[in-house]
Structures are given as C-alpha cells and as structure tokens.
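Have a look at the model below before reading on. The notes after it go through a few local features.

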Amino acid sequence: MSELYTRNFCIIAHVDHGKTTLSDRLLQQTNTVSDRVLTAQHLDSMDLEKERGITIKSHPVTMHYKAKDGITYKLNLMDTPGHVDFSYEVSRSLAACEGALLLIDAAQGVEAQTVANAHLAFAQKLKVIPVINKIDLPSANLEMCIKQLEDILTIPEEEVILASGKSGIGITDILEAVISRIPPPRWTEYKQPRCLVFDSIYDSYRGVIAYVRMFSGTIKAGDMMLLMSTGQKAEVKEVGIFMPKMEKIASLGPGDVGYIVSSIKEPSDIKTGDTITLANKAATEMLPGYKEVRPMVFCGLYPIDSNDYEKLKAALGRLRLNDSAFVYSSESSVALGFGFRCGFLGLLHMEIIQERIRREHDVDIISTYPSVIYKVKTYAGELMEVDNPVNLPDAGIIEQISEPTIKASIHIPNDSMGDILAMIMEKRGTVDHTDTLDANRVMLTCALPLNEILVDFNDRLKSVTHGYGSMDYEPGEYRVSDLVKMEILVNGDPVDAFASIVHRDKADGRGREFCERLAKIIPPQMFKVAIQAAIGGKVIARDNVKEMRKDVTAKCYGGDISRKRKLLDKQKEGKKKMKQFGKVSIPSDAFIQVLKNQ
Amino acid sequence: MTDLGQDKHRSGPPGLKPLDQGIYVHVPFCSSTCDFCAFYQIKPTAGAVDQFLKGIEAEAELIPWRGPISTVFWGGGTPGLLSPDDLDRLAKIIRKKTVIQPIEWSIELAPAWVTKARLEVLRDNGINRISMGIQSFSDELLDGLGRQHTPKQVYKAYELIREMGFKNVNVDMMFALPGQTEAEWLKDLEEAIALKPDHISTYCLTFEEDTALWIKLSEGRVKLDPEHEAKLYEATWEKLHKEGYQQYEVSNFAKPGFECRHNLSTWKMQEWIGLGPSAASQHDGMRGVNPADLALWSQQLNAGKRMQEDRRVLTADLLLEDSLIFGLRVNQGVDLAQARIRFPDANWTFVEAKLSTLESEGLLKISSEVVRLTNKGRLLADSVGTELLGLGSD
Ligand SMILES: Nc1nc2c(ncn2[C@@H]2O[C@H](COP(=O)(O)OP(=O)(O)O)[C@@H](O)[C@H]2O)c(=O)[nH]1
Ligand code: SF4
C-alpha cells in the first residue's frame, strides 16, 4: 500500500473532554477491535492514569478505514500524554503526525492545556481539525466553543466538526476529514532511512521496545540500526505495528507507525525524540526537535520501614525501565535513613511515581520537601547546581543563587482575576500580558519561579476558580534571587528532611506556617517540644508540640497485669515504628502530611 | 495442707519487709452485660454456679499453700448475686485455706443484690470490706452504660450495709461518661461523698476492646477527649483531697487507714493466688492466668490439673520492672532501697538511667531513695510505664 493512503494523527484534548471515548469509537468504527473486546478505554492502560484521567504513556494504534472514495486507508492514531509535565513527550508524539484532532468539550469550551497543545501542533505544522465533542449534552454551548476557536486559535467556523463520542455522532465525518484534510506522510523522499522514537517501553524478555514513526526508507529485522544522538549501533530483531496489540510485520516503511525490538537492553540508551537510521545508509541530519529531557523537580524518597530499602531500590529500577525521564541515585538522611534522591519532570510526574511505588510495588515511602535545581555561584567563582537544600553551601561563601522560572499561561474566569493576580504576586510571579478569551474568560501569560508552584499552585488555582481555571507552562530562564536555606529544628535538632530553600521575604511566613503545621501533626508528647524554623542558625519562627495530658489506665489490678503489659508493649512497639528525633517520636506519616499541601 | 512455718520462699533477704500473700476469687456471673465491660462473665444458671463452686474447691486443693493469707478479694462478675447459701459455701472453701482470719476480706457487691441474708452470711464468715459499684447517681448516665440499678437501690443497699455493721465500705464511681460535664461529675461525686464511705474509687471510663462501648467509639458515636478526661482527673483529686480522702493510687482514695491492702499488694508486686476462671495469679515464682472459660477451667480441674495461660517465670528483672510500672501508680511511690534488697541482681543501671531521664522531664521525683510520680506524671502513668519497659520484656 502506498504511503499516499496513510494518515498519521493524534487527538489533542483537555482531561475529560472525551478523548478516550472518541478513540474507542474510532477503533470500533474501523473494526480495529471488536465491540466485545472494547470493554473500556483501550488507549489509557494504566489504572492510575484512569483514576487521574491522564495519559502518561503513549500507545499508538493502526486502523484500516474504507473511505467514501472507495479506498482503504491506513490510519495511525497516536495517543498523547495529557499533562504539562509531559509536554516534551507531547511534542514528540505530535512530531510523529501530520495532523491532529482538537477536541473540545461542548459544555466546557477551550482550556489552557488545549491551547498550549494546539500551539505545539501548529508549531509542528500539523493540520488541526477542530472537533466540538459531547454535543449531545444539554449544556452544550456550540456558539461559545466556535467563538473561542475563532478568537483564541483563529480556527474558522467552517472547519468545525460537531461530534459526540458517546452517541456516535460525527464519527464518520471525523474519519473522512482525517483523510481529506490531513496530508499524507511527509519527508518520505529523504534519501536515507529515518524514523523518530516517540516512546519506548521495557520488556523483560525482549529488552527495550522503541515506538517509532518511520519517515523515509524501510527498516526490517536483521538491519543494523544507528541511534543518531549517541552513535550507538544495534541489531534490529523485530519490527511490527499496533493492531492494537503488537503484531510482527516484515518491515516498516515510510509513514508507518510501529515498534522496533533491537539488541538494546538498557532503557536509557533509547531516548524519546531520537532519530534511528541504518548504519550502512546513515542519515546525516536528525529529525528536528530532539532534546535531552532533564528532570526539573527533585525530592528524597525513603522507605518508612528501613528493611524495605532493597525493595524500594528494585521498584525504582523497574519504574525507570519504562520511564527514562525519571532518575534516581542513592542518598541518606539523618532523619530518614537510607533512601534515594529522585528527579522528575514535574510535580504530577513525581506524584505518579510515588503512588506507583506505594501501590504497584507495595513499598511504604516518605518523601522530602520537593526542590528544583538551583544554580549557585560562590565568591571563589565556583559554579554548582544544587537540587537538595541539604547540599547548599554555607551562606557566607555564596555570591548569588539563581532559580528556574516557568512561563505559564493561565486561563481563568474574569471574576477570579483579582484573586489570581494576588496569588501570582504572592508566588513572586509577574504577569507579562493579559488576553481576553471571551466574554467571561481571560488568559494570563506570566513568569513564575518554579519552586513557588511546586506544591499547591495548581490546587489553589482550581479552588479559587471553582474548577474553571487551568494552567499550562514551559520552562523559562534562570533568575538571580534572594534565596536562603530554611531549617526546621525539632527540640533543637535540625531535621534534614524538612530543610528547604525559600525566598528571604517569604521565609518568616513559611517558617511560621510550617512550625504551626508540624506542631499540630506531631502527636502530643510527654514533655515540651519546640518546633523552630531557622535561617543560618537564627530562629525565625517557633511553635510547641502539644503536651500529652492524659495517658493512664483507670483500672489496673492483679488480674490486669499481664494484659496491661501487653498493651504497654504494643505502645512501645508503635513508638519504635516512629522516627526518633532525640526523645521525640514522630510517626512517619507525619512527614508525609506535613510535606504534603505545603 | 497449709504450712504456717517459716518458708524458704517467703523469708526474703535481711532487711526486706515481709511480703503479703492474697487470694483473689473471680466470680464470673452477671445477670446482664454492662456496655464498658471486658471482664469474663456469664449468666448465673444453677448448673454453672455449682460447677464454679466445685471448681474453686478443686483449684484450692491444687495450690501449694505457703504462709498466712493477709487479704482476700472476691471480684467479678457480680459475686453478690450468689445466693446466701452459695456465698457461705464459697467462704467455707476459702476459710479452709486461710486458717487465721485474713486482715482484709473484700467483696464486690452490686446494689441490686444487697440483702440482709447475704450480708449476714458475709459478716459471719469474716468478710469485712464491702465494695459497692455505684458508678453514677444519674439515671440517664446509668442507662447509657447498661447498668442495672437505680440511685434509690444504692441508698437502700448502702444503709443496710452500714446497719449490718460493716466498718469498711468502698464505693466505685465512674467519670468521663459520654455527655457528662465536669459539673455533673462533681455533683455525682458529692453524692457519693455524702454517703460517707471509707474509701472511694473513681474510674475514668475506659474503652476496652470488644465491648459495646468500644463499638460505639469506633463508629464515632462517642468521642475520646483526653483533655477533658485530664481535667476531670484533676478536679476529682482536688475534691476528694478537700473532703479528707487521701489519694493513694491513680483511681483510689481512702480515709486514713482504709486503703485497700489487697490491691496495694498487687501494685507492689507481692503475691496473690487467683481462683476461678480468668483469675490471675502471681505466686511460687510464676505468673499466670486461668482460662477465661468456665467449662475449660473446670474440666482441667476435674482432671486434677491447673491450667494457666500467659505463664511467666518471675525473674528479678520482670518483678523490678513491674514494681516500678505498677508501683508508681501508688502515690506513696516505690521504695528503691527495699527494691534493691529484694532484687539485687536486676539490671539497675538500666533502671537508674531511665528514672533519671524521666525525672529530668518532670514526670517523677526521686528523694531519699523513693520514686514518686509528679501529678503530671500520674496522668501519664502509661507513657511512663512504656518508657520503663525493657528489663523484663520477652
Ligand atoms: N455526554 C457525553 N459524555 C461524554 C462524551 N464523551 C465522553 N463523555 C464522558 O466524559 C467523561 C470523560 O470521557 P473520557 O473519554 O474518559 O475523557 P478523556 O479524559 O479525555 O479521555 C466520561 O464520563 C465520559 O462518559 C460525549 O460525547 N457525550
Ligand atoms: S457487673 Fe461488672 S462484670 Fe458484670 S457486666 Fe457489669 S462491669 Fe462487667
């Protein structure tokens, strides 16, 4: 089949706008999966993703569709991760396509993330097909959606397809538009074979399986392939496509979307965005857009039970196999013992990995306060990168510290403007410009220090805007800032896991708030315990843990002695499970609670 | 056979005050179950009572009796619901083993069961201390606990007890009942004081596992409020002190000379022999608990065996540890000089280090070799106990 009859596309949509439902409809309509197999949500395969309504791992699928012109087309539908943390992955998935369906919930309208991803698609020169979905909803507001598409994305009304994944409205229109509007595969005439790696997974039997989009030439089993970013060579063992299960085929040709199994066993050797060519016909230029993905957010992860160290290590190793954006190395903490320093693309990525460790790998962990990478310059002219507050050198030798910022676009209802501006101010952000989206909504483009949005920004945005606000961001520049290390002392001893780097102006408030919360979370103690926040040894805030008032059994006689001893033993065991700081016992989950919702 | 002669086991090293030896009888019968009750108790059918009395007799025969018995305590359950004849039968079994009149012989009586006939039998057999469970004078609060008497019955019973010449009477009261305010409790307590008992026990309501109350707690129908409980404790201590009742243990108060000798002996880790299902013993170098099951307990005894659970050898370390954990509940404190004589081989280094940490935290005070809890420490006696664990643990 000629590549002229191939179309590669993806679906851009905000969470819950109906991408999964629509994808399933497309698979159904093209008989790619039978109705029976199509139990639920084929493309989102991981539980966690389902729960959170996001897609992390792209999973492509090949469909065959007999169009109205009588020709059977090969349609490759790519799935795109649905969260800002994974915008690089999104951009690679987009790069593997020529077109995109831009899905908009008829009742919700355009969201920040949709706009951001649409812009990414435009930048990749993809043909964008606007689809207003869920038109069966009584609350559907077609007029608003059409106006937003025109105003915000300059998409003309005539291009809009009305659909409902649920009722099956507009499915054929969508398939026909994919064929008529999206161009056939590009860059097929390039002389040497080139394919784009847009994802990879690890299989314990077959090693690393690369998900690829072939642009030019063919690749088949037995070929010697070459990874252009590193020059590493490997033998191709198998190639195939997704039907939607992996199916071996003889060779991948121009325009095909499929997978390559090679002799590569080490997941980090295959990088998303890399170009694969053949060793004996090597291309000289990589496909555009490759980037080294670097983690932006760091934290320490520790097993709650120190006996679980090896189990945690194994869990991290396995997670890394399928997620090369996640990095870790061992570290130790006075407070928490032996654990790992871990790096993530963003907060959601961090939460997901933590959740997986707990749920899928059954290790109870606790995490330290998240940090970003600070660039530190000393008076001696030394430059260093610090991702752990504990490693920040003595304030006396630091000439300056700079911190990463982000460029964020925030969509909000007009009436929450005041609150959001105040919040941006509070978070040390600046608003570059304000655009009106429609009669009710505005888009703020602003710069914010990454460390300020680490924990609660998104949650607060949602709550202030009653769920209507949304945000998208991309990394910005590093900026010099007046940052200090704030330590937390429990009963006079610094607890390294609680150390953080904060802006000097915010240290007092943060310190006070932290002490107050920690004092509340630590269970009442038998004696007075002070919680203090300090900068460079100077206490800036303090609070006291509640003193235990009553812990005494009322009735205790001869017959109760054995039982009573057992109770005390149990109480003692419970205490042993807590982390001991001098004479203060802190339950492990107190760390989680206090580190959460900072 | 009773042996009154000098017994090797009972004569300690020089300088050690002689230890008391007591008998505890668990009478496991109740007509209904109180919401907070975690004791072993069953319905008093004629067959069960007979089985019980036969068992006590058999069990008493299996005990290697040594030395005099200073105290006897009949608890339960509701010992007072036994018929006068059965009470007499039980007393005779015990008297056969005590030989001389014990210094103190207590029985727990529920107001509803107090009759002249019973009191006569008790008095004539040498029972000289009555402990009556009142808990509260509020009908409403009593109902809330599933208790089976009225304030009127309490007054009647108390009067009768005094009329019959009992000179040592305790009343049990209970506080921190669900919904009870401090003022309500103090009013309750005043009514108890107005009876002029010789001894008052005040118990903070405890949520024992597997009780009806525990279920209410876990369902969130009642709530724990340690701060409120602490306040009630303090108010109780203050009130009773003013009224001339000396606190001598966390929950126990007495007019001078009326402290319960039997219970003091257990807190001081002396010796007692427990008879009856679920009764605990500590004598002969061993600690153990009878099975909490009338059928199993009596079946073993019929076979000529005394079966016990949780048996432990009384090592010096274990006894020292418990002398502290339980002894510190007593206001008089723990006499370290005596303890050093009694347990010369225990790990004193450990104990001294622990005690001095706790002292530095203001939980206890050591002066002239006597350790006492401070008021703060008394409210935290369990936490203090937890800190002191470590010597005798398995
Ligand atoms: N009324 C209506 N509901 C829909 C439609 N498509 C999806 N939904 C519902 O919208 C929610 C989100 O759908 P899903 O496909 O999981 O969205 P995704 O998060 O974008 O993948 C689910 O509760 C769907 O049942 C539609 O066309 N009409
Ligand atoms: S009377 Fe005593 S033993 Fe009987 S149920 Fe009530 S609390 Fe329990």
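Here is a short tour, starting with how to read the model.

## Reading the model

This is a predicted model, so to speak of local features takes pLDDT of at least 70 and side-chain atom pairs count only at pLDDT 80 or more, while totals for chains, interfaces and linings use all residues. Residues are numbered from 1 along each chain as its sequence is written, with chains lettered from A and ligands numbered from 1 in the order in which they are written.

## Strands in chain B

Strands here are DSSP runs (E, at least two residues), numbered from the N terminus, and two of them pair if DSSP finds at least two bridges between them. In chain B, an open antiparallel sheet runs β13-β15-β14. β13 (334-335) and β14 (364-367) of chain B sit at its edges with a single partner strand each, so one side of each has no neighbour in the sheet. β14(B) and β15 (residues 370-373) of chain B are joined by four bridges, and I366(B) faces V371(B) across that pair.

β11 (residues 286-289) of chain B pairs antiparallel with β12(B) over three bridges, with M286(B) opposite V313(B). Of the five residues of β12 (309-313) of chain B, zero are buried (20 or more other C-beta atoms within 10 Å of a residue's own, placed from the backbone), so β12(B) lies largely in the open.

## Around ligand 2

The residues surrounding ligand 2 (C-beta atom, placed from the backbone, within 6 Å) include C30(B), C34(B), C37(B) and F39(B). G76(B), G77(B) and T78(B) are also among them.

## Where the chains meet

Chain B puts 37 residues into the contact and chain A 21 residues, counting C-beta atoms, placed from the backbone, within 7 Å.

Terms used. Contact = placed C-beta atoms within 7 Å. Buried ≥ 20, exposed ≤ 12 C-beta atoms within 10 Å, placed from the backbone.
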